[in-house]
Amino acid sequence: MANTDIETLNSFLRGELSAVETYRQASKHIKSDIARTEVDACLHDHEARVDAIKERIEKLGGSPSESSGIWGVFAKVVQGGADLLGEKAAIDALEQGEDHGLADYNRDVSKLHGEARSFARQQLLPAQKQTHDRLSRLKHNPNLH
């Protein structure tokens with residue numbers, strides 16, 4: 001079970017690392033104060049999840065992933081397109097990433113066992129829902145367009 005938990009948590013970690021990379025890239029294109037506040041808050045939330053997941057993996061005796069892997073490449077391609085189009089496209093790309101992250105957590109949380117499952121259900125999933133909702137509200141904010 002520990003190996004399955006470590007693999008699943010590392011999958012979540014790679015997604016979070018990808019999110020951090022994408023938010024850092026997108027933040028270069030955020031001009032409005034409203035968007036900057038929300039994007040920065042989401043970035044910090046994802047960074048906190050990276051740290052929490054790494055710590056949990058180490059407690060289970062595993063080695064945390066150090067890169068975002070294939071999702072990082074995907075994020076760079078999506079964000080690269082957004083870079084050409086500015087703030088609105090950057091926010092749209094971030095929301096797509098939040099959708100993907102939420103889907104990953106919802107799909108894979110049941111693969112975890114015991115404390116790892118509780119950790120994901122009580123901390124990771126609610127935090128992901130919060131950043132997802134934050135970006136969705138930002139995307140639909142009429143003051144940004």
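Predicted model: local features only at pLDDT ≥ 70, side-chain atom pairs only at ≥ 80, totals over all residues.
Q: OK. Which residues of α2 and α5 meet, then?
A: On the α2 side they are Ile34, Ala35, Glu38, Val39, Ala41, Cys42, Asp45, His46, Arg49, Ala52, Ile53 and Arg56. Their partners in α5 are Glu115, Phe119, Leu124, Ala127, Gln128, Thr131, Arg134, Leu135 and Leu138.

Q: And how do the residues of that contact divide by type?
A: The contact of α2 with α5 has 12 nonpolar residues, three polar and six charged.

Q: What's the packing angle of α2 and α5, and how far apart are the axes?
A: Helix α2 covers residues 33-59 and helix α5 covers residues 114-139; they pack at about 165°, with axes 10 Å apart. Since angles over 145 degrees count as roughly antiparallel, that makes α2 roughly antiparallel to α5.

Q: Left-handed or right-handed crossing?
A: Left-handed, for α2 and α5.

Q: Zooming out, how many helices and strands are in the chain?
A: Five helices and zero strands. Read along the sequence, the pattern is α-α-α-α-α.

Q: How much of the chain is buried?
A: Buried residues make up 46% of the 145 residues. As for surface, the chain exposes about 7600 Å², and carbon and sulfur atoms supply 51% of that.

Q: What share of the contacts with a separation of 6 or more comes from residues 24 or more positions apart?
A: That share is 79%.

Q: Buried or exposed?
A: Serine 27 is buried, because its relative accessible area is 16% and buried means under 20%.

Q: Which residues is it in contact with, leaving aside neighbours within four places in sequence?
A: Serine 27 is in contact with Arg36 and Val39. Val39 also turns up among the α2 residues that meet α5.

Q: What about glutamate 21, where does that one sit?
A: Glutamate 21 is in helix α1 too. Its relative accessible area is 30%, so glutamate 21 is partly exposed; that class lies between the 20% and 50% cut-offs.

Q: And how far is glutamate 21 from glutamate 47, C-alpha to C-alpha?
A: The C-alpha atoms of glutamate 21 and glutamate 47 are separated by 9.8 Å, and the two residues are 26 residues apart along the chain.

Notes:
Residues numbered from 1 in each chain as written. Heavy atoms only, no water. Buried < 20%, exposed > 50% of the residue type's maximum accessible area, 1.4 Å probe, protein only. Contact = heavy atoms within 4.5 Å. Helix = DSSP H or I, 4+ residues; strand = E, 2+ residues; numbered from the N terminus. Areas by Shrake-Rupley, 256 points an atom, 1.4 Å probe, with all protein chains shown as cover. Axes fitted to C-alpha atoms, helices over the stretch in contact; angles between N-to-C directions. Parallel < 35°, antiparallel > 145°, perpendicular 65-115°, else oblique. Left-handed = near helix turned anticlockwise from the far one by under 90°. Nonpolar A, V, L, I, M, F, W, Y, C, P; charged D, E, K, R; others polar.
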